[in-house]
Amino acid sequence: MGIHYVERSFELRGPSGLGASPRPDLVGGVLSGLQETLIDSVRMGFLHASRTRGRIPQMLKDAADVRFIGMQGQGDEVTTLRFLAPRFGDVAAELFEQRQLWDDGPKPDETAFDLLAQSLRDVRRKTVDSSRFDYALLNRFAGYRAPLRRGLESIVMDGGEALDARIDGVLTDAAESLRKQTPPSRRVRLCGKLDMLGVSRRVMGLYLEDGTLVTALWNAEDFTTGLAGYLDKDVVIEGLAVFRPSGKLLRIDADAINPAGVQDSFFSRLPLAGAVVDHGLAVRVRPGQSAYSSLLGLIPGEETDEEFILALEEMG
């Protein structure tokens, strides 16, 4: 069976410099960042994590492999960018052969643009319990402040008016607000019954003592060796607990697993989020205190360089 492509589009709007012959700086920033935004959205949909360690599964790359097919303009204020995107069922069929861990997961007839639209909607509406974005994806959305500052007013997906699927100042402000609310990740131990292994996605499903299902993403080197022997047994996993802006657990980035002992039942409960640090307040240096020492320990070591830079911009 061949790949079925769906045509999707972005409409760039601004006071001037667009149309059929737009300024390169207004279009280039959107095109250059689109691929990374889409792959982050695809990973978020399939993994509950927009960034992962190690190699990205080829199927997820294929699912975000969109192609630019042209543009058209209206006056001097609107440029429409047109793309072709593959349906997930055609390029990532194996992902749908495994049991899904969550009900709101991607559908075979959807594309990367659909997942991006869903994430944009939840961010715009400040849905603090959403599983469609995490700290890194919020950073990605906040980063669209740069092309907006160059003269764009909004970037609207086809059908985006009704779905709130557009990028503008309201969206980037919402992303920044949610990012500030998100508690830092922290290392935890968790005990439960290993119910599912999604080998192609490196995902595990763990049932806690009270029946709560926890999603864990395996971050160690080898996902398959020995893990099948733990299936349907009580185990203890260790890793970073990643939280939603509401403080509820989003996932565990696991890197260790062992059989559970009697004493491990204490860890069969959802981990609690820590306090959210106000970076802006923290860097107000007290007399005699170094500006660098005021930052020490406030930015989690797991943050990427991009996240670190955004945190510094926020402080400035």
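Which residues point one way from strand 4 (residues 154–157), and which the other way? I looked this up before anything else. Ser154 and Val156 point one way, Ile155 and Met157 point the other way, and all are buried. I noted the general rule beside this: in a regular strand the side chains alternate between the two faces of the sheet. I also noted that the model is a predicted one.

**Entry: partners of strand 4**

I looked for the strands that pair with strand 4. Strand 1 (residues 5–13) is joined to strand 4 by four bridges, and the two run antiparallel. Within this pairing, Phe10 has Met157 as its bridge partner. Strand 5 (residues 166–168) is joined to strand 4 by three bridges, again in the antiparallel sense. Here I found Ile155 opposite Ile167 of strand 5.

**Entry: the whole chain**

The chain has 316 residues, and 50% of them count as buried. I looked up contacts between residues at least 6 apart in sequence, and 69% of these join residues at least 24 apart. The exposed surface comes to about 14,800 Å², with carbon and sulfur atoms supplying 51% of it.

**Entry: the cores**

Which residues have the most contacts inside the largest nonpolar core? They are Val42 and Val123, in a core of 54 residues. Helix 1 (residues 24–47) gives this core its largest share, ten residues. A second, separate core has 20 residues, among them Leu208, Ala220, Phe243 and Ala254.

Leaving out neighbours within four places in sequence, Val123 is in contact with Phe133, Leu138, Phe141, Leu171, Ala174, Ala175 and Leu178.

**Entry: helix 1**

I checked the length of helix 1. At 1.5 Å a residue, its 24 residues should span 34 Å, and the end C-alpha atoms lie 35 Å apart, so the two values agree. I also found a kink of about 40 degrees, centred on Leu34. Just after helix 1 comes His48, which takes a positive phi of about 60 degrees.

**Entry: Ala93**

Is Ala93 buried, exposed or partly exposed? Its relative accessible area is 35%, so I recorded Ala93 as partly exposed; buried would need under 20% and exposed over 50%. Ala93 belongs to helix 4 (residues 93–97).

**Entry: strand 7 and its partners**

How many residues of strand 7 (residues 203–207) are buried? I found four of its five residues buried, so strand 7 is mostly covered. Strand 7 pairs with strand 6 (residues 186–198) over five bridges in the antiparallel sense. Lys193 has Tyr207 of strand 7 as its bridge partner.

Strand 7 is also joined to strand 8 (residues 213–218), by five bridges, and these two run antiparallel. In this pairing, Val203 has Leu217 of strand 8 as its bridge partner.

Definitions and conventions: Residues numbered from 1 in each chain as written. Predicted model: local features only at pLDDT ≥ 70, side-chain atom pairs only at ≥ 80, totals over all residues. Heavy atoms only, no water. Buried < 20%, exposed > 50% of the residue type's maximum accessible area, 1.4 Å probe, protein only. Contact = heavy atoms within 4.5 Å. Areas by Shrake-Rupley, 256 points an atom, 1.4 Å probe, with all protein chains shown as cover. Core = buried A, V, L, I, M, F, W, Y, C linked by side-chain atoms within 4.5 Å. Expected span 1.5 Å × (residues − 1). Bend = angle between axes of the 7 residues up to and from the residue. Pairing = 2+ DSSP bridges.
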